[in-house]
Amino acid sequence: MEIRAITKIRTAEQGVEHALESFKRVSRNDPGRATNLRVSSLPFCATKWWLSLPTVLTGVREETFQSAYFTGIGTHVHTQVQGALDSSPFVIRDWQCARCKHRHEFVTRPKSCAGCGGTQTFMHSLEHEIRKGCIVGHIDDAFLLADGTIDILDYKTTSDAKAAGTKLPNLENVRQIEVYAAIKKQQGHPVSSWTLCYIPRNSGARKYVTAKKFYGHSFLEEYPAILKRIRSYVKDYKDIAGLTDQDDLPEILARRRLTATRKDVESLCSYCPYTSLCTNEKSLEKQSSRVFKLMSSRLPVYPVKS
């Protein structure tokens, strides 16, 4: 933790504001975020992934007060909501028996443990992990519906203004939850829909956005298009994470790169710290080459078998 010193303060308010604005904290970063395609990073952008690589692989990251605050609020909301739904007979999660550690995957709460016969009392809920090829992620929750199908659910914190307005859902949230739904359907589960649950940071109020509201039709109708998007994300990830030849860089980065004439492909570039660099081809080439030299001894990050 680091706070830049100043000579004097005149009020406590000034002291608080200075401390919060100056706050910097170095925390652990998971290098594994680079060695798998994380659903939380979708829509996948090879340019952003590549330019972020040196920072990700250091295993540490720098946090400001603002970033630490929002991360903490999001974690707290997830914990509280998931805890409140533990007793629901309809919620689908992973469940682990406290007595024998047997894990029951992606089911409603078991009446008894398949490993030791223990009752529901011994069952502790866990988020369900998705692993399909290079794709890794965790489903917040899912619900068993009356018709026997499954609705995938994801919780997101938001501002009061967004919750009250029409700016939801965020596109990146949709791209993530639709991947969860599509993968579970591919794995043979009767997934029929998804729902995003937005919760304002200062209250427990909730706003729901469903697949039908977002697409204008059902998740099942959108399913083929989602599979196509997943294949494109996986190809881009494997190509950039499996890179060993610098000459291949320009072609990979050009696929989804923002330019002066090519507008924001996924409506997300305004949030990216590399947007200005991305639109300047010479600057991007220089920076991407610098990253290659810096990372050359650690490439490929994700070895892809031919």
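Figure 1. Strand E4, covering residues 91-97, is mostly covered, with 6 of its 7 residues buried; buried means under 20% relative accessible area, exposed over 50% and partly exposed in between, for a 1.4 Å probe and protein chains only. Helices (H or I, at least four residues) and strands (E, at least two) are DSSP runs, numbered from the N terminus. This is a predicted model, in which local features need pLDDT of at least 70 and side-chain atom pairs count only at pLDDT 80 or more, while totals for chains, interfaces and linings use all residues. Residues are numbered from 1 along each chain as its sequence is written, and side-chain values use heavy atoms, with hydrogens and water left out.

E4 pairs in the antiparallel sense with strand E5 (residues 103-108) over 4 bridges; two strands pair if DSSP finds at least two bridges between them. Ile-92 has Thr-108 in E5 as its bridge partner. The two strands E4 and E5 form a hairpin with 5 residues between them, and Lys-101 in the turn has a positive phi of about 70 degrees. E4 also pairs in the antiparallel sense with strand E6 (residues 123-126), over 4 bridges, and here Cys-97 has Met-123 as its bridge partner. A further 2 bridges join E4 to strand E9 (residues 141-144), again in an antiparallel arrangement; Val-91 stands opposite Phe-143 in E9.

**Figure 2. The open sheet of E2, E8 and E7.** This sheet is formed by 3 strands in the order E2-E8-E7, with mixed pairing. Strand E2 (37-38) and strand E7 (128-132) stand at the edges with a single partner strand each, so one side of each is left without a neighbour in the sheet. Helix H5 (residues 171-186) packs on the sheet and touches E7 and E8, its direction making about 75 degrees with that of E7. E7 pairs with strand E8 (residues 135-139) in the antiparallel sense over 5 bridges, and Gly-137 in E8 is the bridge partner of Ile-130. Strands of a sheet pair through backbone hydrogen bonds, either parallel or antiparallel.

**Figure 3. Helix H5 against helix H7.** H5 and H7 pack at an angle of about 100 degrees, with their axes 9 Å apart. That makes H5 roughly perpendicular to H7. Angles under 35 degrees count as roughly parallel, over 145 as roughly antiparallel, 65 to 115 as roughly perpendicular and the rest as oblique. Axes are lines fitted to C-alpha atoms, for helices over the stretch in contact, and angles run from 0 to 180 degrees between N-to-C directions. Residues of H5 that meet H7 include Arg-175, Glu-178 and Val-179; among the H7 residues they meet are Phe-219, Leu-220 and Tyr-223. Contact means heavy atoms within 4.5 Å.

**Figure 4. Ile-177 and its surroundings.** Ile-177 is found in helix H5 and counts as buried at 0% relative accessibility. Not counting residues up to four places away in sequence, Ile-177 touches Ile-152, Leu-153, Asp-154, Trp-194, Thr-195 and Leu-196. Ile-177 and Ser-193 are 16 residues apart in sequence, and their C-alpha atoms are 10.0 Å apart in space.

Figure 5. All 10 of the 10 residues of strand E11 (residues 191-200) are buried. E11 pairs with strand E10 (residues 150-158) in the parallel sense over 9 bridges, and Thr-158 stands opposite Pro-200 in E11. With strand E12 (residues 207-210), E11 pairs in the antiparallel sense over 4 bridges; Val-209 in E12 is the bridge partner of Leu-196. A hairpin of 6 residues joins E11 to E12.

**Figure 6. The largest nonpolar core.** Of the 57 residues in this core, Trp-49, Trp-50, Ile-152 and Trp-194 touch the most other members. The largest share of the core, 10 residues, comes from helix H7 (residues 219-241). A nonpolar core is a set of buried Ala, Val, Leu, Ile, Met, Phe, Trp, Tyr and Cys residues joined through side-chain atoms within 4.5 Å. Not counting residues up to four places away in sequence, Ile-152 touches several residues, including Phe-106, Ile-139, Ile-177 and Trp-194.

Figure 7. The structure holds 0 disulfides, a disulfide being a pair of cysteine sulfur atoms within 2.5 Å. Cys-134 is in no disulfide, and the nearest cysteine sulfur, that of Cys-45, is 16 Å away. Cys-134 counts as buried at 2% relative accessibility. The sulfur of Cys-278 is 6.1 Å from the closest cysteine sulfur, in Cys-45, which is too far for a bond. Cys-278 is also buried, with a relative accessible area of 7%.
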